[in-house]
Amino acid sequence: MKLIELDEKKFDHYVKHHPEKSHFLQSAAWGKFSYEIRNLKPFYLGLIDDEEKIIAATLLLRKALPLGYCYFYAPRGFVMNYKDKSLIKSMTKEVVAFAKKRRAIFVKMDPDIIYRKENYLEEEQKLDYDSNKIIHTLKEAGYKHLGFTKNFETTQPRYTFRIDLNQTLPEIESHFSKTTKQRINKAQKLGTEVVIGTEKDIHEFYHLMRLTEARKDFISHTEDYYQSLYEIFNEDNKATLFLGKVNFDKVIEEGKKRLKKIISEIESMPTENLSKSAKTKLNELTKQKEKEKEEIEKYKQAKEKYGKELILNAHWIMEYGDKAWVLYAGNHNILTETYANYHTYYEHIKYCKEKGLHIYDQFGTIGDLRKDNPRLGLHEFKKKFGGDYVEFIGEFDYVVNPLMYIVFTKLVPFYRNMVKKQAKKEANHEASRNK
């Protein structure tokens, strides 16, 4: 066996069609994007046997460090059969030799190999392999396991929700929570629309991402980042924008229809000698009439402010191989009662199902489910769509240079943290002196 560099086309064909491990983070497009945006040099490597058949592959991203050092990262791990113990060791040996020649301090990977899985009823699902054995084999091969983290401490999420698209659509829908079904139904009745966007909608997508970031107190990427990602991955249509919007004329018209029906029902009731149940019904219909009038007026005002229609959410779906990922989701902070966000999720689940994909991945949640976790709301929202709750085996580092590994992963971060604390202390002291 030997490790060789592959051309992008040959590499991508192998990764995309691998029966177990295809992932967009191992694609040639991700390598190209990482180079253009993050200045990470990509290497497309394949392990070949005596017959020159590819039996494993990996995208390795090189991160340059001071003093001529570097480290390599294989996003979502090598593309190979992790149940084959000898293959893991052979691939590791060759990759480490490759890294050593380039003064690497360590090689990092985070395979999307499932450690544990629960269905929508929170019942643990049996895997067709022993995940602990795979972890043990990786350790035997020389890797350091970085632990079972619970939040977003790792490079990629260690937890996610995945929907098996091999089920029928009615089966998938039956796993939605009761409130999710109700909200999708309300959004549809209200007349919200979901359309597929184009490159021209990147700016609106970015605007919605910024609004979401402000609410959630995090910062993600620049508009140029999203623009480049869209352009690179759409060279063969792997990235799709779904836009959930409200057409105010349509919503107002639907409201008027409901109001007319309510008024007609009220007028059909007798005006005298009403029974107790009839009075209750009349009272309820009167409340519905007033509420519908308020809703119509609200959307009329929204139309005056925003125009004929308004995009309320934009979701970014990434496709690769037989899988799809909900990579980003930006949402407006108004008219949330339309539940256009739920409608948008429902439409891209259907879209991925109809395209014949097998797995729909919501790309990240948490393992720490304590009530005071600020990310619990994100977890509970994604859970409502009934996917399997999946935990991956985690991050692994193969340490090539132990001394420099300590320097760059322990001492340098410690020093930077101390500098930041000292700078903050001096700034506070200066501020107090100037009072």
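What percentage of the 435 residues in the protein chain do buried residues make up? In this model, which is predicted rather than determined by experiment, buried residues account for 48% of the 435 residues in the protein chain. The secondary structure of that chain comes to 13 helices and 15 strands, and its C-alpha atoms fill a box of roughly 95 × 70 × 40 Å when the box is taken along the principal axes. The chain exposes about 23000 Å², of which carbon and sulfur atoms supply 50%. If one looks at the contacts between residues at least 6 apart in sequence, 75% of them join residues that are at least 24 apart.

From this overview we can turn to the aromatic side chains. A search of the whole structure finds 37 aromatic pairs, and one of them is formed by Tyr 206 and Tyr 226, whose rings are tilted, with 6.2 Å from centre to centre and 55 degrees between the planes. Tyr 206 belongs to helix α7 (residues 202-216) and Tyr 226 to helix α8 (residues 223-233), so this pair ties together parts that are 20 residues apart in sequence. Both Tyr 206 and Tyr 226 are buried.

Another pair, that of Trp 316 and Tyr 328, is edge-to-face, with 6.0 Å from centre to centre and 90 degrees between the planes. Here the pair links distant parts of the chain, since Trp 316 is in strand β11 (residues 309-320) and Tyr 328 is in strand β12 (residues 323-331), twelve residues apart. Trp 316 is buried, with a relative accessible area of 0%, and Tyr 328 is also buried, with a relative accessible area of 14%.

Leaving aside residues up to four places away in sequence, Asp 388 touches Lys 117, Glu 118, Asn 119, Tyr 120, Thr 160, Phe 161 and Arg 162.

Methods:
Residues numbered from 1 in each chain as written. Predicted model: local features only at pLDDT ≥ 70, side-chain atom pairs only at ≥ 80, totals over all residues. Heavy atoms only, no water. Phe/Tyr/Trp six-rings, centres within 6.5 Å; stacked < 30°, edge-to-face > 60°. Helix = DSSP H or I, 4+ residues; strand = E, 2+ residues; numbered from the N terminus. Buried < 20%, exposed > 50% of the residue type's maximum accessible area, 1.4 Å probe, protein only. Contact = heavy atoms within 4.5 Å. Areas by Shrake-Rupley, 256 points an atom, 1.4 Å probe, with all protein chains shown as cover.
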